[in-house]
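The exercises below concern pockets, a cavity and a helix pair. Each task is followed by a solution in steps.

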Amino acid sequence: MEPILIYDTTLRDGTQGENITFTADEKLKIAMRLDDMGIHYIEGGWPGSNPRDIRFFDLAKREHFKTARITAFGSTRRPGILAADDANLKAILESDTPAAAIFGKSWALHVKSIMDNTLEENLAMIADSVTFLKANGREVIYDAEHFFDGFKDDPDYALETLAAAFTAGADFLVLCDTNGGSLPQEIESIVQSVNQDLKRRFKDSGNLKLGIHTHNDCGMAAANAVAAINCGAVMVHGTINGYGERCGNADLTTIIPVLSTKMNRTCIPQEKLAGLKSLSRYVSETANIVPLNSRPFVGRSAFAHKGGIHVSAIMKESRAYEHMDPETVGNQRRVLMSDLAGKSNVEYKAKEMGVDLGANGSDSKAIVAAIKQMEDEGYQFDVADGSFQIMLEKFTEQFKPLFDLESFRVTIEKDKDLPCSAHATIKISVGDSHEITAAEGLGPVSALDNALRKALGNFYPDLDTMKLVDFKVRVVDGREGTEAKVRVLVESRDQDQIWSTIGVSEDIIEASWQALADSFQFKLAKEAHQRGIPSPDGKAKDLKLGWSMSVNA
């Protein structure tokens, strides 16, 4: 079968998504990552629309792309002028890319009611623009905008627009579900009709190459893209993580593994699949968008198991509850801890974390019982692996704290209309040494975080690699009003890992301290393990239900 060409439009269509923007330099870095992944076409932007995209194309000229063909995007010429005089088409040529993508109208509604144009002039605009770009040595990808809606309204005219582009020499005819309102069975039927009609019209239809460009407004973008490929499309458009306008574009992090592992269709090199999760995370971090845990294949929860029966089964045979090996796409299996957990969950997590439970398994039964009671009191260990690892170590008397809290004091001051200010003083001990420090912050938790960092910095110099990236507070049961327990979740990261910790208390500051202290203990223990940092003497405190052991950490 013919390979499927992957056309990435993250840098153009993806940036039309809400709250998503990239600088020219960021776009170049993403393009280099896409090229390394083996993506065939990278749409860099619309050079006729803004200075940032012009700068990107200037930067791209200086780089060597191993696989990808950088593509400039634009529209057909404006009505009533020559293609050679159209500023947009000239900007595409000036971008000096090997390929150009232009969109034209396929829907008579848009031509007559939106553009106030004639159907005949629209056909001429398509043909003239393709001819002009081909005459200037560009590979031309013609995007038939609103094609499926146009076909449903007036199939004859929609097909005429494709014929105009093909006759003029377009290398690819890309059928666009621009409004994202089509269903897979409609896509299949229409793509089949297009193939039949163009093969009937043109003797050289052997050169016909169809592409598909779908949007996700009905949640069908990936399914619609796959449907079109099943009917003969050889190019698929999409974005990393499905970023794009409104509900987004087809997600290439879903489509690529579906093609490779489910349909046995060649797209990117097989050995590159393992970099897919890393690419997904890189683009989301660059966009400053929190990664979607439930994203298929590459999401953090894509291969996460919570129910005890499920975990027991995958320990015997992973395919019992997994449709593929998560490592194929660079992901990993995760077993979650909760009140739904069983003995198998605990044993799996302990092995994963390097915690020895003992040969008889009695500890795992006791831990399950403790987890169920603690989750009933408000804890949620499936989102707090860092705290769960510390709990395991404390329960089995393997925990060696790298610092101990002696005391802290937090004060908040409010003067008239000025913003509140927060101050924290903390006293900790590391081995036989004691440290007292004070710091300010934007709030009480920020002040406490700053004071703890300052105190620990005298003993552990690598803490600057650790960042707090998320802080959530939830009321466990609102019926108690202001006396209700709160759950605090802290997510932290360093250069190679993200971890989460938890605290629960009727006092929001104490709950925050529990989560914060666990986060620092986790980080320091990891550094100690990786670099052989000596651990101060310390024994685990007795496990008591509730999280008092974490407060003492």
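**Exercise 1.** How many residues line the second largest pocket, and which of them lie nearest its centre?

Solution. The model is a predicted one.
Step 1: the lining of the second largest pocket consists of 24 residues. Nearest the centre of this pocket are Val290, Asn293, Asp470, Lys472 and Glu491.
Step 2: two or more lining residues come from each of α11, β14 (467–475), β15 (486–493) and β16.
Step 3: β15 supplies the largest share, 4 residues.
Step 4: sorted by class, the lining of the second largest pocket holds 9 nonpolar, 6 polar and 9 charged residues. The volume of this pocket is about 600 Å³.

**Exercise 2.** Which residues line the largest cavity?

Solution. 
Step 1: with a threshold of 30 Å³ or more, the count is 3 cavities.
Step 2: the largest cavity contains about 60 Å³ of space.
Step 3: its lining is made up of Lys277, Ser280, Arg281, Pro291, Leu292, Asn293, Arg295, Val298, Gly299 and Arg300.
Step 4: these lining residues split into 3 nonpolar, 3 polar and 4 charged.

**Exercise 3.** At what angle do helices α3 and α5 pack, and how far apart are their axes?

Solution. 
Step 1: a packed helix pair is described by the angle between the two axes and the distance between them.
Step 2: for α3 (residues 87–94) and α5 (residues 119–135), the angle is about 25° and the axes are 11 Å apart.
Step 3: angles under 35 degrees count as roughly parallel, and α3 and α5 are therefore roughly parallel to each other.
Step 4: the crossing of α3 past α5 is right-handed.
Step 5: on the α3 side the contact uses Leu89, Ile92 and Leu93, and on the α5 side Ser129, Phe132 and Leu133. Of the residues in this contact, 5 are nonpolar, 1 is polar and none is charged.

Terms used:
Residues are numbered from 1 along each chain as its sequence is written. This is a predicted model: local features need pLDDT of at least 70, side-chain atom pairs count only at pLDDT 80 or more; totals for chains, interfaces and linings use all residues. Side-chain values use heavy atoms; hydrogens and water are left out. Axes are lines fitted to C-alpha atoms, for helices over the stretch in contact, and angles run from 0 to 180 degrees between N-to-C directions. Angles under 35 degrees count as roughly parallel, over 145 as roughly antiparallel, 65 to 115 as roughly perpendicular and the rest as oblique. A crossing is left-handed if the near helix is turned anticlockwise from the far one by less than a right angle, and right-handed if clockwise. Contact means heavy atoms within 4.5 Å. Ala, Val, Leu, Ile, Met, Phe, Trp, Tyr, Cys and Pro count as nonpolar, Asp, Glu, Lys and Arg as charged, and the others, Gly among them, as polar. On a 1 Å grid over the protein atoms alone, a cavity is a set of points where a 1.4 Å probe fits but cannot get out, and a pocket is an open set with protein on both sides within 12 Å along at least five of seven lines; lining residues have an atom within 4 Å of a point. Grid points are joined across faces, edges and corners, and a volume is the space filled by probe spheres set on the points.
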